[in-house]
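I opened this notebook to record what I looked up in the model. The entries follow the order in which I checked things.

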Amino acid sequence: MAKLDILHKPMTQSINTKTALATLWLAVLLIIIDQLTKYWANSVLTEGVPVPIMDHLNMTLVYNHGAAFSFLADMGGWQRWFFTALAVGVSGFLLFWLKRLPNAWTAEVIALNLILSGALGNLIDRVLFGKVTDFVDFYIGTWHYATFNVADIAISVGAFLLILWEFFLKPKPEKELTE
């Protein structure tokens with residue numbers, strides 16, 4: 001009978017380093033940054049009171065019970081669990097996608113890590129507090145863009161990068177290059 005030698009098993013075998021799952025440290029780092037900035041906002045800012053940073057930028061603590069742009073925020077509470085389930089499903093899909101990609105720092109892999117970190121960062125808020133903490137308030141004159149957070153930035157930049165990858169940056173297959 002073969003002896004199982006757990007103590008001498010290389011640590012790299014715990015995560016398949018041949019797939020893009022090895023890049024998940026980027027998503028974890030961004031989740032930590034997102035959660036630390038939300039903790040800071042909750043500790044320092046007063047809800048609804050703008051703190052000017054520079055022209056066109058305030059830090060204003062607000063809570064979002066819905067999704068982007070407070071979509072469905074006033075629907076009585078069911079949306080918390082809907083967006084929680086949606087974030088879990090999207091995150092699972094993104095992990096599956098990363099598992100199918102090689103361990104290489106492509107725009108696609110970076111984009112998926114950004115989107116994943118944003119989805120999980122806001123999911124943490126929704127599960128623990130029933131709302132998402134937003135605090136970045138961009139405005140021009142009296143017009144204010146929807147207040148957002150680091151997770152929202154990660155999702156937006158990741159989605160934009162993924163679109164760039166799919167339409168402009170993705171290498172063409174050999175077959176298409178020779179035609």
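I count two strands as paired if DSSP finds at least two bridges between them. Helices (H or I, at least four residues) and strands (E, at least two) are DSSP runs, numbered from the N terminus.

**Ground rules.** This is a predicted model, in which local features need pLDDT of at least 70 and side-chain atom pairs count only at pLDDT 80 or more, while totals for chains, interfaces and linings use all residues. Residues are numbered from 1 along each chain as its sequence is written, and side-chain values use heavy atoms, with hydrogens and water left out.

**Entry: overview.** I listed five helices and four strands for the protein chain. Read from the N terminus, the elements run α-β-β-α-α-β-β-α-α. I took as buried anything under 20% relative accessible area, as exposed anything over 50%, and as partly exposed anything in between (1.4 Å probe, protein chains only). Of the 179 residues of the chain, 35% count as buried. A contact means heavy atoms within 4.5 Å. Among contacts in the chain with a separation of 6 or more, 66% come from residues 24 or more positions apart.

Entry: I traced an open sheet of four strands in the order 1-2-3-4, with antiparallel pairing. Strand 1 and strand 4 (143-144) are the edge strands, each pairing on one side only.

I then went through the pairs. Strand 1 (residues 51-54) pairs with strand 2 (residues 57-64) in the antiparallel sense over three bridges. Which residue in strand 2 is the bridge partner of Met-54? I found Leu-57 there. Strand 2 and strand 3 (residues 132-140) run antiparallel and are joined by six bridges. On the strand 3 side, Leu-57 has Phe-138 as its bridge partner, and Asn-58 has Asp-137. For the side chains I noted the general rule that in a regular strand they alternate between the two faces of the sheet.

**Entry: the turn.** Strand 1 and strand 2 form a hairpin with two residues between them. I looked at His-56, which lies in the loop between these strands. Its phi is near 75°, a positive value in a residue other than glycine. His-56 is partly exposed, with a relative accessible area of 37%.

**Entry: helix 1 on the sheet.** For directions I used axes that are lines fitted to C-alpha atoms, for helices over the stretch in contact, with angles from 0 to 180 degrees between N-to-C directions. Helix 1 packs on the sheet and touches strand 2 and strand 3; its direction makes about 80° with that of strand 3.

**Entry: helix 1 and helix 3.** The axes of helix 1 (residues 24-44) and helix 3 come within 8 Å and cross at roughly 40°. I call a crossing left-handed if the near helix is turned anticlockwise from the far one by less than a right angle, and right-handed if clockwise. Helix 1 passes helix 3 in a right-handed crossing. The residues that meet include Leu-30 and Ile-31 in helix 1 and Leu-114 and Leu-120 in helix 3. By class, this contact has ten nonpolar, five polar and three charged residues. Here Ala, Val, Leu, Ile, Met, Phe, Trp, Tyr, Cys and Pro count as nonpolar, Asp, Glu, Lys and Arg as charged, and the others, Gly among them, as polar.

I also checked Ile-32, which is found in helix 1. With a relative accessible area of 46%, Ile-32 is partly exposed. Its C-alpha atom is separated by 8.2 Å from that of Gly-121, 89 residues apart along the chain.

**Entry: helix 3 and helix 4.** The axes of helix 3 (residues 107-129) and helix 4 (residues 150-169) come within 7 Å and cross at roughly 155°. Angles under 35 degrees count as roughly parallel, over 145 as roughly antiparallel, 65 to 115 as roughly perpendicular and the rest as oblique. Helix 3 and helix 4 are therefore roughly antiparallel to each other. Helix 3 passes helix 4 in a left-handed crossing. By class, the contact has 16 nonpolar, five polar and three charged residues.

**Entry: Thr-23.** Is Thr-23 buried or exposed? At 0% relative accessibility, I logged Thr-23 as buried. Thr-23 lies in the segment before helix 1. Not counting residues up to four places away in sequence, Thr-23 touches Leu-98, Asn-103, Trp-105, Val-109 and Asn-113. Thr-23 and Trp-105 are 82 residues apart in sequence and 7.9 Å apart in space, C-alpha to C-alpha.
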